[in-house]
Amino acid sequence: MGVSTASTKWLAWDEAKIESIEELIKYDLTFDGYRVRLQRLGKENSPCSDEFKWKLLIREA
């Protein structure tokens, strides 16, 4: 799964931005009755206009 943005408010992928996206992914899938593990494939400090990618392992709860 990947996320990017053209927003001028988000210039580079830092830990706080990455964690905020991860929490949204976890919340959404948990709400739907799944368990999820995320593995980061993207690089911290890369531009937010570049896609930050994760590998998701999704299981039924």
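**Close-up views of a predicted model**

By the ring-pair rule, under which rings of Phe, Tyr and Trp (its six-membered ring) pair if their centres lie within 6.5 Å, the count comes to four aromatic pairs. The model shown is predicted, so local features need pLDDT of at least 70 and side-chain atom pairs count only at pLDDT 80 or more, whereas totals for chains, interfaces and linings use all residues. Residues are numbered from 1 along each chain as its sequence is written, and side-chain values use heavy atoms, with hydrogens and water left out.

**View 1. Aromatic ring pairs.** A pair of aromatic rings is described by the distance of the centres and the angle of the planes; planes under 30 degrees apart count as stacked, over 60 as edge-to-face and the rest as tilted. The ring centres of Tyr-27 and Phe-31 are 6.2 Å apart and the planes stand at 25 degrees, so this pair is stacked. Tyr-27 and Phe-31 both belong to helix H1, where they are four residues apart, about one turn of the helix; helices (H or I, at least four residues) and strands (E, at least two) are DSSP runs, numbered from the N terminus. Tyr-27 counts as exposed because its relative accessibility is 58%, and Phe-31 is exposed with a relative accessible area of 64%; here buried means under 20% relative accessible area, exposed over 50%, and partly exposed in between (1.4 Å probe, protein chains only). In the pair Phe-52 and Trp-54, the ring centres lie 4.8 Å apart with the planes at 55 degrees, so the pair is tilted, and both of these residues are buried. Ring pairs also join Trp-10, Trp-13, Phe-52 and Trp-54 into a cluster.

**View 2. The surroundings of Trp-13.** Trp-13 sits in the loop between strand E1 (2-3) and helix H1 (15-31), and it counts as buried because its relative accessibility is 0%. Not counting residues up to four places away in sequence, Trp-13 touches, among others, Val-3, Ile-18, Ile-21, Pro-47, Cys-48 and Phe-52, contact meaning heavy atoms within 4.5 Å. A polar atom of the Trp-13 side chain lies 3.3 Å from the backbone oxygen of Pro-47.

**View 3. The largest nonpolar core.** This core has nine residues in all, namely Trp-13, Ile-18, Ile-21, Ile-25, Leu-29, Val-36, Cys-48, Phe-52 and Trp-54, where a nonpolar core is a set of buried Ala, Val, Leu, Ile, Met, Phe, Trp, Tyr and Cys residues joined through side-chain atoms within 4.5 Å. Two or more residues of this core come from each of H1 and strand E3 (52-60), and H1 gives the largest share, four residues.

View 4. Three strands form an open sheet in the order E1-E3-E2 with antiparallel pairing, two strands being paired if DSSP finds at least two bridges between them. The edge strands are E1 and strand E2 (34-40), each of which pairs on one side only. E2 and E3 pair in the antiparallel sense over seven bridges, and Arg-35 stands opposite Arg-59 in E3. H1 lies across E1, E2 and E3 and runs at about 155 degrees to E2; axes are lines fitted to C-alpha atoms, for helices over the stretch in contact, and angles run from 0 to 180 degrees between N-to-C directions.

**View 5. Asn-45 in its loop.** Asn-45 is found in the loop between E2 and E3 and counts as exposed because its relative accessibility is 59%. Most residues other than glycine have a negative phi. The phi of Asn-45, by contrast, is positive, near 75 degrees.

Conventions. A polar contact is a pair of N or O atoms within 3.5 Å; within protein, one must be able to donate a hydrogen and the other to accept it, and residues adjacent in sequence count only if both atoms are side-chain atoms.
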